[in-house]
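The following note sets out points for a colleague reading this entry. Each point may be checked against the sequence and the coordinates.

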Amino acid sequence: MVRGGMLRVAVVGGGPRGASAVERLLANAAQRADSGSLSPGLEITVYDPFEPGPGRVWRTGQPRLFLMNTQAFYPTLIPSEPGLAPPLAGGSFDEWRAAERAAAKAGRSDLAPQEQAELLALESRDFAPRALYGRYLARTWQAVTEAAPAGTAVRHVAQEVVRVGRTPRGFALTLASGRAREADAVVLALGHVPTQLGREQRALADAAARLGLHYFPPAAPADVDWDVLPAGETVLVRGMGLNFFDALVQLTQGRGGRFAEAAHGRLAYTPSGREPRIVAASRRGVPYRGKADLGAYYAPSVTLRWFTREAALAPRRAGIEPSFDQDLWPLLHRDALWAYYSTLVRVEAESVDAGFLDKLAAALAIEGPGWEHAASQAAHDGVSPARRLDLRALGAPLAGWHARDRAQLDARVLAHLDEDAAGSSRGEDDPVKMAIAALHRGRAVLKEAVADGGITEESWASGLRGWFEGLVEGLASGPPSLRIRQLAALMRAGVVGTVGPEPRFGAERAGEAGPSFTAASPWVGGPRVRARYLVEALAPANWVAQADSPLLAGLLADGLARPRFLAGADGAPQPSSGLDVTPPPYRSLDVNGHPVAGLYVLGLQLSAVQWGTAIAAEAHPFGEPGEAHDGAPYPSAQRTLRDADAIARDILRP
């Protein structure tokens, strides 16, 4: 309900998605004003304890050693897709980088000296410090709000919202201070929220409190006080994904250690003496694979031949609800096999028989389930055993292997890291990296194909989220290859060791050194690892029912929101990770399944109807710079910005 000629919109969360919501509201308001449409004034209030734009994750004061996981040319806060309201200001991160770099060279930059130095060294295809990307977000926010059209106002309230409730005239937002604010519409752009500890994590935290140990629960790396971990002490780190590499660099290079180029493309590490002894553990026993060294987000040589957008969307357009395992994965699997073997034939012809690629092409062309056996037989007959591809085994290179002790394990892990780093350096000439590149390119198509009920609920839970997500994240969502080289150097220097696959954790009062956490792998012999410090290097789970958030808990308790339930493999409904919402513009569904007018969801809490919600908007929706295209944008390239635009248009609709 609009009162006093002013439409009041509350945006809860001021990170990139909240900033996108504000940018789209202002752009659409300006477009309506230019068209002569009569509309009330617009007052937007953003609620976030942190600076709007960067929010918590991208805040500008975090350690400079924390890097983005995409190259500078990739992300944007400002849309460029046709059909959306024209932006009022700003551009992509790369455009901002180039402009600020030129200003720094000319002595006209007002950025901090450290930021100017980073920009002068940062090329379009480099991985920028996360704090520098935060500066882009802050400056873009400033430019957008300064360009706000007449009749609009944007405010920032630096507080957390702990409750959103309905009133007869709209919504009431309760702040952490206890004050209440009113709004006609609310956009939930919450981003990452804290998660309740699981049963094992609670047991470890309780043991730490009881035994005088030190337990660090899952948290954003920038929120952790790394100085608490003492030099020389053994520190267990659980998780070897992206947060692990942040912990690793902060505890080594961040404490004065130095990396330098060494022989054979490797790095050498010179310790400062202030490092702890890090022992890393994860389910697979190895970290995510490093990214290939490419000049593009997608490998230009990899083209999807089977898992095309047309093929992926064909079942939906025919009114058929496909299965991920039976209908979509076989197409993408073909592309991954072709990318691997066609690269192998090009760079290592001696490993394959003459005519093999023709036989493989014939096998991949078979319709129905027989293609996979035929492709496997073609590889068996025409490829040397050591070079045959087992795609799922790429994600678990230690599976089925026993180590007599941790020294043998670490030697095996180190060899794996060296192999992975060498493959990254070969770029498009590495068959394994190109198989992964096909999976990576396929994710853009897959995101559109599965969104908003695009596959069966059973295959969403058991296939897409059940096994494929873990595989593709471990292969295609890894760190820059530099991080793999650094980890290998740290292992050579004796600073880092590993526990092994499927680790078991516990805590004991007894022991020569007193109470300790323990970790051991059933696949590795020898004594357990003991440590007084345990760090959970895990990203928040982002399951709404498990969130440690008074706001989400209140929405669920009040019936203004509910988790989306999906049918499991046995047909029984199971709660999924995200909220239940309408189709775009994604209004929240209440406990009875009715849309809540004026309450919208944007971003990570859409994970039950969208896949890959954490991936940022792409600055080049028509493909990589210089890449040929047919004029159609990649289907998911700017999805989050498109969602923000749909919400803005719905809010401003007369």
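1. Helices α2 and α3. In this predicted model, the axes of α2 and α3 cross at roughly 110°. Angles of 65 to 115 degrees count as roughly perpendicular, and α2 and α3 are therefore roughly perpendicular to each other. Their axes come within 9 Å, and the crossing of α2 past α3 is left-handed. On the α2 side the contact is made by W96, R97, E100, R101, A104 and K105, and on the α3 side by Q116, L119 and L120. Sorted by class, the contact of α2 with α3 has four nonpolar, one polar and four charged residues.

2. D110 forms a salt bridge with R139, and the closest N and O atoms are 3.2 Å apart. D110 lies in the loop between α2 (93–105) and α3 (113–121), whereas R139 belongs to helix α4 (residues 130–146), so the pair ties together parts that are 29 residues apart in sequence. Over the whole structure, a search finds 39 salt bridges.

3. Helices α8 and α13. How do these two helices run relative to each other? The axes of α8 (residues 324–347) and α13 (residues 431–450) come within 8 Å and cross at roughly 150°. Angles over 145 degrees count as roughly antiparallel, and α8 and α13 are therefore roughly antiparallel to each other. Their crossing is right-handed. The α8 residues in the contact are F324, L328, W329, L332, D335, A336, A339, Y340, T343, L344 and V347; they meet P431, V432, M434, A435, A438, L439, G442, L446, A449 and V450 in α13. The residues of this contact divide into 18 nonpolar, two polar and one charged.

4. Helices α8 and α14. Helix α8 also has a contact with helix α14 (residues 457–476). The axes of α8 and α14 come within 10 Å and cross at roughly 35°. F324, D325, W329 and L332 of α8 make this contact with S459, G463, L464, W467 and F468 of α14. By class, the contact of α8 with α14 has six nonpolar, two polar and one charged residues. Residues F324, W329 and L332 are listed for α8 in its contact with α13 and again in its contact with α14.

5. The sheet β4-β5-β6. This is an open sheet of three strands, in the order β4-β5-β6 and with antiparallel pairing. Strands β4 and β6 (180–183) are at the edges, each pairing on one side only. The twist averages 25° from one strand to the next. Strand β4 (residues 161–167) pairs with strand β5 (residues 170–175) in the antiparallel sense over six bridges. Within this pairing, V161 stands opposite L175 in β5.

6. Another open sheet of three strands has the order β14-β15-β16, and its pairing is antiparallel. Strands β14 (504–508) and β16 (529–531) stand at the edges with a single partner strand each, so one side of each is left without a neighbour in the sheet. From one strand to the next, the twist averages 25°. The antiparallel pairing of β14 with strand β15 (residues 516–520) has five bridges, and the bridge partner of R504 in β15 is A520.

7. Helix α5 against this sheet. Which strands does helix α5 lie across? Helix α5 (residues 199–211) lies across β14 and β15 and runs at about 25° to β14.

8. Backbone geometry to inspect. Most residues other than glycine have a negative phi, and most peptide bonds are trans. A cis peptide bond joins P584 and P585, with omega of about 25°. Residue P585 is located in the loop between β19 (573–579) and β20 (587–589). H264 has a phi near 60°, a positive value in a residue other than glycine. The position of H264 is in the loop between β10 (258–261) and β11 (267–270).

How values were computed:
Residues numbered from 1 in each chain as written. Predicted model: local features only at pLDDT ≥ 70, side-chain atom pairs only at ≥ 80, totals over all residues. Heavy atoms only, no water. Axes fitted to C-alpha atoms, helices over the stretch in contact; angles between N-to-C directions. Helix = DSSP H or I, 4+ residues; strand = E, 2+ residues; numbered from the N terminus. Parallel < 35°, antiparallel > 145°, perpendicular 65-115°, else oblique. Left-handed = near helix turned anticlockwise from the far one by under 90°. Contact = heavy atoms within 4.5 Å. Nonpolar A, V, L, I, M, F, W, Y, C, P; charged D, E, K, R; others polar. Pairing = 2+ DSSP bridges. Salt bridge = Lys/Arg side-chain N within 4 Å of Asp/Glu carboxyl O.
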